[in-house]
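Visitor: Hi! Could you walk me through this one?
Guide: Happy to, let's take a look together.

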Amino acid sequence: MTESHADAPATGGRASGEPARSAARPANSAEQPWPVRSIAMKVAQWIDRLGSVWVEGQITQINARPGTRTAFLVLRDTAADMSLSITCDPQLLRAAAVPLQEGSRVVVYGKLSYFTGRGTISLRVTEIRPVGIGELLARIERLKALLAAEGLFDPRLKRPIPFLPKVIGLITGRASAAEHDVVTVARQRWPAVRFEIRNTAVQGPTAVPQILDALAELNDHPEVEVIVLARGGGSVEDLLPFSDETLCRAIVSATTPIVSAIGHEPDNPLSDYVADLRAATPTDAAKRLVPDAAAELAGVRELRARSAAALRGWVDREARALQQLRSRPVLADPLRLLDQRHDEVERLRSAARRAVEHTLTAEATTTRHLREKLTAVGPAATLARGYAVVQRVAGTERHVVRTVAESPPGTQLRIRVADGAVTAAALGSQALTNPLAGTPPTSAPPGPEHEELS
């Protein structure tokens, strides 16, 4: 039975007029089957004829290991449960205009390859382009890079947000949840807060012109101290006006500080980067602009309590310090040191007086001894012992007579003795045999100083 079934295709093929084709190639039958390699090569040839193609799909898997030369992706059809394996250079993923992740919709350009060894088909990709949201994100990324290169994101350009602004300018959609959140939360925190609200379109083609007009009006308002751009969450297309280049440049050129409160936490339009302050949500913007009155009062009470406690502590410390100073001996008996010094001064005065008196006594004794010595060797003492000084009188001049030759007979003489002087005249002279015999051994002849005795 098996043999008849195996022969049927071959017989039928010949009956249908295929003898010529059988002659051109080996017959394919149960007795002459093709090997797997033949089928694999034929499939590879047919697929290679397809050439390079553009394929659209959604990335469902990305496998790019560090250090490898090939990244593996899975591209899934968006309308059917079909997928295709993709390979590419990892640099192609890193250089993508928009960071590729699972779920990104892309258009790829590549060539199909059939791996005969494993019997699998893969698309070797040389170009990847985002489509839909990905294309919008790529355009936003290019604008972001341009504005960043111009320095519009520099933190040094950010203007400080005033504490408790008098009037807050609010640009938001009419009767929107963002307006309700900002106004309600701000007034709950600080009831006296005031708003200048400008309702504009926040999506669509008219949003950017209306926002620019409202921004210019509030920027010129004399009482508005800060402006809030507020909008609830939305898709990338809905938030696209807040990534407009004209609006971003207007925010940078404004003189009033601007707060960007667009979307929710994951949303990051370009207005968040150029604004002076980025708030995660409209509610967060209200909280960051307006202080909580209750919290501020509690803070004031706490500071007052802390300052009072600090003052009491300081007074206590100073009182203890004064008490310690008062308990010291120098303050308990202030005159003690003076008394001690007084006794010392008296002792020193007595010692100084004794020293001076001793010195005076010693000097007086020395002076008396010197006077006695001077008196003993003076001319008056010599005269008192019986000596006399003879002077020759010649008119008004007097000269001491030292030799006999100086007083010839008839010379008028003046003889000075201990108690006075005698006037006489020389009657004659007599020379001594030994001139030294009559000279006292311890006395010298009167000198010229004896002339002053008269």
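**A chat about rings, charges and backbone angles**

Guide: Ala-175 is exposed because its relative accessibility is 73%, where exposed means over 50%, buried under 20% and partly exposed in between, with a 1.4 Å probe and protein chains only. A word on the background: this is a predicted model, in which local features need pLDDT of at least 70, side-chain atom pairs count only at pLDDT 80 or more, and totals for chains, interfaces and linings use all residues. Residues are numbered from 1 along each chain as its sequence is written, and side-chain values use heavy atoms, leaving out hydrogens and water.

Visitor: Where is Ala-175 found?
Guide: In the loop between S6 and helix H6 (177-189); helices (H or I, at least four residues) and strands (E, at least two) are DSSP runs, numbered from the N terminus. Ala-175 has a positive phi of about 55°, although it is not a glycine.

Visitor: And what is the phi of Leu-164?
Guide: Near 55°, a positive value in a residue other than glycine. Leu-164 lies in the loop between helix H5 (133-149) and strand S6 (167-172).

Visitor: New topic: which ring does the charged end of Lys-42 sit over?
Guide: The ring of Trp-34, 5.3 Å from its centre. The rule asks for NZ of Lys or CZ of Arg within 6 Å of the ring centre and within 35 degrees of the ring normal.

Visitor: What does Arg-49 lie over?
Guide: The face of Trp-46, at 4.4 Å from the ring centre.
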